[in-house]
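Open the model in your viewer and keep the sequence panel at hand.

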Amino acid sequence: MTVEMIKEAAANFGTPSYVFDLDLLKERVDLINKYIGKKALCCYAMKANPFIIGPMNEYTDKFEVCSPGEYEICNKMGIAPEKIVVSGVNKTYESMTRIMGLCGGKGIFTIESETHYEILSKVCREQNTCIKVLIRLSSGNQFGVDKETFERILQRIKQDDRIEIQGLHYYSGTQKKQKKIAKEIAMLEEYAEYIKTTYGIILHELEYGPGLSVTYFEGDDEFDPEEELAGFAEILDSVKAYEHITIEMGRFIATPCGYYLSSVVDIKKTEEHNICIIDGGIHQLNYYGQIRGMKKPYMQCISDGKDVKSYSVYGSLCTVNDVLLAAVDFPELSKGDFFAFERCGAYSVTEGMALFLTRELPNVVFYSDKNGLQLVRKEILTDGINSANII
């Protein structure tokens, strides 16, 4: 997006607001497919940003959902059940009954505990349907199961005529180095061979989250997306034990497309520094690794000021933690100037403490060269959400 388009977005839709550049989004998915498209399918982890799944539907292969609400969004947006991976650590009988009723067993389900297996098996029998599953192997966190439990579930599935094992699901975190990814892939290869030799069961599919790195802040090492993808593609060449590979990514896909616009509403000073208050804050803007404004994200300052001054930028929340930037040089700021924070297409819109202090949920806007600026969610006031409704 050009500066002129950013200004137009702020003028038309106000601040704070999110703008997602759909052209940049498509460029990122096309880049991913350039390097891994012949090696693996691309699965978008929609928790990173559920707003963009509609535009992505035509050029990504799968969507990972981790809650009943995310599945309902996919259903509303017309995402085919065959493209959905039903993941998440809290699968309930009620939610799986609803989801299986919507999909008719289409798509794929992950199993992250023996309880998950029992719930899915029960619902399959009640609805007289069959499903395919991935068992999630834990990397040591709360997601998935250890190898002993994995193999116990695998043997139960072997005796179950309603559930078919498709493969293994694995994810260990984000912003990972290529060396760690290669080590994980080697371990997963070895484990698939062990399962085949020991139990006579073939794990056909590996769904793997590489956690490729993205750069958020000026001065940090700049991770070139093409270098990240090229290195990862070489690692994928070593995969022989699995017939199919699905690469699950959220942050790496969505980050570049997002802008967060927030206006200057007050300027003041203390004995120590100049203070700028904006109409947004940390409840709406989230960068992985940011701590009390100590790093400057990639951003633009839209101001006509000439002289350069140092400002600390604070949001609208009544907490000392609401620091966006600490002592950063900008052209002299005035009320009405605004900031366009960049590379915030992942998680900012969903992961902030959005209801703290009963501030509004911002407008959400799409931009593309073809369609220009489009409002896709109108500002939502939260007093009705944050107050008791006594009947």
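Buried means under 20% relative accessible area, exposed over 50%, and partly exposed in between, with a 1.4 Å probe and protein chains only. This is a predicted model, in which local features need pLDDT of at least 70 and side-chain atom pairs count only at pLDDT 80 or more, while totals for chains, interfaces and linings use all residues. Residues are numbered from 1 along each chain as its sequence is written, and side-chain values use heavy atoms, leaving out hydrogens and water.

**Cysteines**

Select C43, which is buried at a relative accessible area of 0%. A disulfide is a pair of cysteine sulfur atoms within 2.5 Å. The closest cysteine sulfur to that of C43 belongs to C42 and is 7.4 Å away, too far for a bond. Now go to C301: the nearest cysteine sulfur, in C276, is 8.2 Å away, and C301 is in no disulfide. C301 is partly exposed, at 22% relative accessible area. Searching the whole structure gives zero disulfides.

**Nonpolar interior**

A nonpolar core is a set of buried Ala, Val, Leu, Ile, Met, Phe, Trp, Tyr and Cys residues joined through side-chain atoms within 4.5 Å. Select Y44, F109, F150, L168, F339 and F341, the residues with the most contacts inside the largest core, which has 100 residues. Helix α8 (residues 178-199) gives this core its largest share, seven residues; helices here are DSSP runs of H or I with at least four residues, strands are runs of E with at least two, and both are numbered from the N terminus.

Which residues surround F109? Beyond its neighbours within four places in sequence, its contacts (heavy atoms within 4.5 Å) include V86, M96, I99, M100, C103 and L120. Another core, of 14 residues, lies apart from the largest one, with A9, F13, Y259 and Y367 among them.

**Charged pairs**

A salt bridge is a side-chain nitrogen of Lys or Arg within 4 Å of a carboxyl oxygen of Asp or Glu; the count is 19. Select E226 and K34, whose closest N and O atoms are 3.6 Å apart. E226 sits in helix α9 (residues 225-236) and K34 in helix α2 (residues 22-36), 192 residues apart. K34 is exposed at 58%, whereas E226 is partly exposed at 32%.

Next, show D237 and K39, a salt bridge of 2.5 Å, N to O. D237 is in the loop between α9 and β9 (244-249) and K39 in the loop between α2 and β2 (41-45), so the pair ties together parts 198 residues apart in sequence.
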